[in-house]
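Student: I would like to learn how to read some features of a structure with you. Could we take them one at a time?

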Amino acid sequence: MEFIKAKTILTKVKYGSEWYGVDYNMNLYRGCSHRCIYCDSRSNCYHIDNFDIVRGKEKALNILEQELSKKREKGVVGIGSMSDTYNPLEKEYKQTRGALKLISKYGFGVSIDTKSDLILRDIDLLKEINSKNNVIIKFTITTPNDELAKIIEPNVCVPSKRFQAIKTLSDNGIFVGIIMNPVLPFITDNEKDIKELVRLAYLNGAKFIHTFMGMTLRENQRDYYFNKLDQNFNDLKEKYIKYYGNHYNCIVPNHKRLYKVFTDECKKYGILYDMKNIINSYKKEIKTNEQITLF
């Protein structure tokens, strides 16, 4: 694996109260090998050349330890927002496992976005972190259909394996759920699949599902996506161009009706879907070192 220089690993964020309660963000890898046809991280604004090639960051764990040791606020560290931290190279290099050890050592919480069941390798560390701070795991699942997923997410484990991973994590007391984003217009935006996804989420112990019923398309991402549509879905590119033009936010047709179907199903199974409720449900009061000393 190629390594690139990094001056910092941990970044303080301002959007945490609106997005899973994350306080810090970090990406241990640059680029992703999943080749999901819709990935927003391909967009030119992120300045990632050859996005399909995974690169590590030099001395990432040394830099991370220095940064964690200096932070007084033991907040939640978000991992994997730009690139899946459980890419195949993680099996060998174990950057993510090393980071989780440091997060546990310094008493931080963690929020992980992934499509990979490799995360089960680190269930011991997730349970350890969960005993001291907050843990939330978010699996991206865009369709319950394994065969469709092989087309739109070709280099990652199929949804049925992700559901199994959700069950294992949930059975071990980890707060875990699903990001049902993006919802691809004319591909995954059908009532039957949405209902099935919610049902499977319930059967496998998912605590939440969050979605915005659409996708983004811009710059380089748009070209890549349209090329894949030409390869796999006859005449669908022309339908996108006619319906959306050059819009960035591509909300699915009939999104209000579909969102109501989605929320009705979540209510039926007792699954959270509102961001504030998700955050309030997984976050617990954390005693600081000063509080512990006082008690």
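Student: How is Y273 classed by relative accessibility?

Tutor: The general idea is a scale of relative accessible area: under 20% is buried, over 50% is exposed, and in between is partly exposed, using a 1.4 Å probe and protein chains only. Y273 counts as partly exposed because its relative accessibility is 22%. Keep in mind that this is a predicted model, where local features need pLDDT of at least 70, side-chain atom pairs count only at pLDDT 80 or more, and totals for chains, interfaces and linings use all residues. Residues are numbered from 1 along each chain as its sequence is written, and side-chain values use heavy atoms, with hydrogens and water left out.

Student: What describes a pair of aromatic rings?

Tutor: The distance of the centres and the angle of the planes describe such a pair. Rings of Phe, Tyr and Trp (its six-membered ring) pair if their centres lie within 6.5 Å; planes under 30 degrees apart are stacked, over 60 edge-to-face, and the rest tilted. By this rule there are 17 aromatic pairs here. One of them joins Y259 and F262, which is tilted, with 5.7 Å centre to centre and 45° between the planes.

Student: Where do Y259 and F262 lie?

Tutor: Both are in helix α10 (residues 255–269), 3 residues apart, or about one turn of the helix. Helices (H or I, at least four residues) and strands (E, at least two) are DSSP runs, numbered from the N terminus. Y259 is partly exposed because its relative accessibility is 31%, whereas F262 is at 0% and so counts as buried. F262 also forms an edge-to-face pair with Y273, at 6.3 Å centre to centre and 70° between the planes. Y273 sits in the loop between α10 and α11 (275–282), so this pair ties together parts that are 11 residues apart in sequence.

Student: Which residues form one aromatic cluster?

Tutor: That cluster is made of F186, Y225, F226, Y240, Y243 and Y244.

Student: Which charged end sits over the ring of Y24?

Tutor: A charge sits over a ring if NZ of Lys or CZ of Arg is within 6 Å of the ring centre and within 35 degrees of the ring normal. The charged end of K12 does this for Y24, 4.8 Å from the ring centre. Likewise, K138 lies over the face of Y20, at 4.3 Å from the ring centre.

Student: What is the order of the strands in the open sheet?

Tutor: Two strands pair if DSSP finds at least two bridges between them. The open sheet has 7 strands in the order β2-β3-β6-β7-β8-β9-β10, with mixed pairing. Its edge strands, β2 (11–12) and β10 (209–210), each pair on one side only. Strand β3 (residues 24–26) pairs with β6 (residues 76–79) in the parallel sense over 3 bridges, and N25 stands opposite G78 in β6. On its other pairing, β6 runs parallel to β7 (residues 109–114) over 4 bridges, with I79 and I112 as bridge partners.
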